[in-house]
Amino acid sequence: MIYDVLIAGGGPAGLAAGIYASRAKLKTIILDKGRPGGQAATTMEMENYPGSFQEVTGPGLMKQFAEHAAHFGTDVQRGLVEKVDLDGPVKRLTTKDGRVFEARSVILAPGAEPRTLNIKGEGRLRGKGVSYCATCDADFFEDLDVVVVGNGDAAVEEAMYLTRFANEVTLIVIHDEGVLDCNKTSAERAMANPKIKWEWQSMLEEIIGDELVEKVILKDVKTGALREKETNGVFFFIGTVPKTEFLRDVLTLDEQGYILTNEMMETNIPGVYAAGDARAKYLRQVITAASDGAVAAVAAEKYLDETESFRHQVLEASERVLLTFWAPQSQESIEALAMLDRALYGEGGVSLAKLDSYRNKKTAALYLVKRIPTVLLFEDGRVLGRLEGGFTEADIKILLQQ
């Protein structure tokens, strides 16, 4: 089976893309390594998603996204994409278990994963008191003390969520007292919460424990002095790393590994788009991921319309084709269409195809169309000759003789 749209990643970007693509009657599949939802499904507090509600949970919202996509016919399957072949009209993606999926267009939404500090004890005690997901693990720390590393929006909001379970939540902040990187509303709420404590101008040096986390060593960033703090858990919220390693030698990425796109979510490969947290962008939130997915799906739909029509009408035509790039606002190109009709009258073995240069920008760019009208003579998918603006009926007759 060759899909119209294959979406790698089932977070908010991938699910939104699935909704838009399937609703456009495109045969669409989403491949995701686990339950759809991505990082959003691990975030309990979500107060800034617009809608008729003031609060919604991440898991709840992602469940609605997935149900919405399924309602329109999106095929959602488990599969971690490890290898891609994006050249040519049919793209091929291979999953970790060796399955190969083919599609005419691809939307890459692999997302990002929590950044680690790789400090002493972090890896050894991961899952034994070290966590990167408050929603997943908060209930393990009921009535216990935990520390949170980070002071951005995610760190402070997740710290607030942890106070529902933990006895005390201490944020380790690298800045001077009172300085936080999160939004002002979250900062004010956190400062007013009696369960939240602060370790200012500090950084985490080491995590200590035998089978479970027992304490941490903190370092004063100004004096270098070390001090111990007893705790039962350590939560990290210090940013993310894009899951794009499998794309490193395929697509154009920035220095951090994020996928570079234009405003239509197009990558450097035709028919391949990127959306969500793995894309180089200013703001990584559920709402911007969903927006990316919608744009990517609509762009993929237009790409498929343009390329499929061109393939059937021109490249795979059984006879020679005069392909005319025109524009409705160009009187010269409108007159050229009439001239072409006259020139082809009585001619056998050649047909006329007309492409609006504005609606078919990619095809026009592919054939270096700089002026309207432009006429190309095709045979067996190859260009035999061309005419650009200002030509006559006699010029057309000469072109047809090639």
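How far apart are the axes of α1 and α6, and at what angle do they cross? Select both helices: the axes come within 7 Å and cross at roughly 35°. Axes here are lines fitted to C-alpha atoms, for helices over the stretch in contact, and angles run from 0 to 180 degrees between N-to-C directions.

Before going on, note that this is a predicted model: local features need pLDDT of at least 70, side-chain atom pairs count only at pLDDT 80 or more, and totals for chains, interfaces and linings use all residues. Numbering starts from 1 along each chain as its sequence is written, and side-chain values use heavy atoms, with hydrogens and water left out.

**Stop 1: α1 against α6**

α1 passes α6 in a right-handed crossing. (Right-handed: the near helix is turned clockwise from the far one by less than a right angle; left-handed: anticlockwise.) Show Pro12, Ala13, Ala16, Ala17, Tyr20 and Ala21 on α1. On α6, show Val286, Ala289, Ala290, Gly293, Ala294, Ala297 and Val298. These residues make the contact, meaning heavy atoms within 4.5 Å. By class, 12 are nonpolar, one is polar and none is charged. Ala, Val, Leu, Ile, Met, Phe, Trp, Tyr, Cys and Pro count as nonpolar, Asp, Glu, Lys and Arg as charged, and the others, Gly among them, as polar. Helices (H or I, at least four residues) and strands (E, at least two) are DSSP runs, numbered from the N terminus.

**Stop 2: α1 against α2**

Pro12, Leu15 and Ile19 of α1 touch Met62, Phe65, Ala66, His68 and Ala69 of α2. Seven of the contact residues are nonpolar, one is polar and none is charged.

**Stop 3**

Select Lys25, in the loop between α1 and β2 (28-32). Lys25 is not a glycine, yet has a positive phi of about 65°.

**Stop 4: α4 against α5**

Move to α4 (residues 153-162) and α5 (residues 184-192). The angle is about 35° and the axes are 10 Å apart. This crossing is left-handed. Val156, Glu157 and Met160 in α4 meet Ser186, Arg189 and Ala190 in α5. The contact holds three nonpolar, one polar and two charged residues.

**Stop 5: the second largest pocket**

Which residues lie nearest the centre of the second largest pocket? Select Pro89, Pro270, Tyr303, Thr307 and Leu366, from a lining of 22 residues. The space is about 580 Å³. α6 (286-315) and α8 (361-366) each supply at least two lining residues. α6 gives the most, with eight. The lining has 13 nonpolar, three polar and six charged residues. (On a 1 Å grid over the protein atoms alone, a pocket is an open set of points where a 1.4 Å probe fits, with protein on both sides within 12 Å along at least five of seven lines; lining residues have an atom within 4 Å of a point. Points are joined across faces, edges and corners, and the volume is the space filled by probe spheres set on them.)

**Stop 6: a cis proline**

Finish at Pro373, in the loop between α8 and β20 (374-379). The peptide bond from Ile372 to Pro373 is cis, with omega near 5°.
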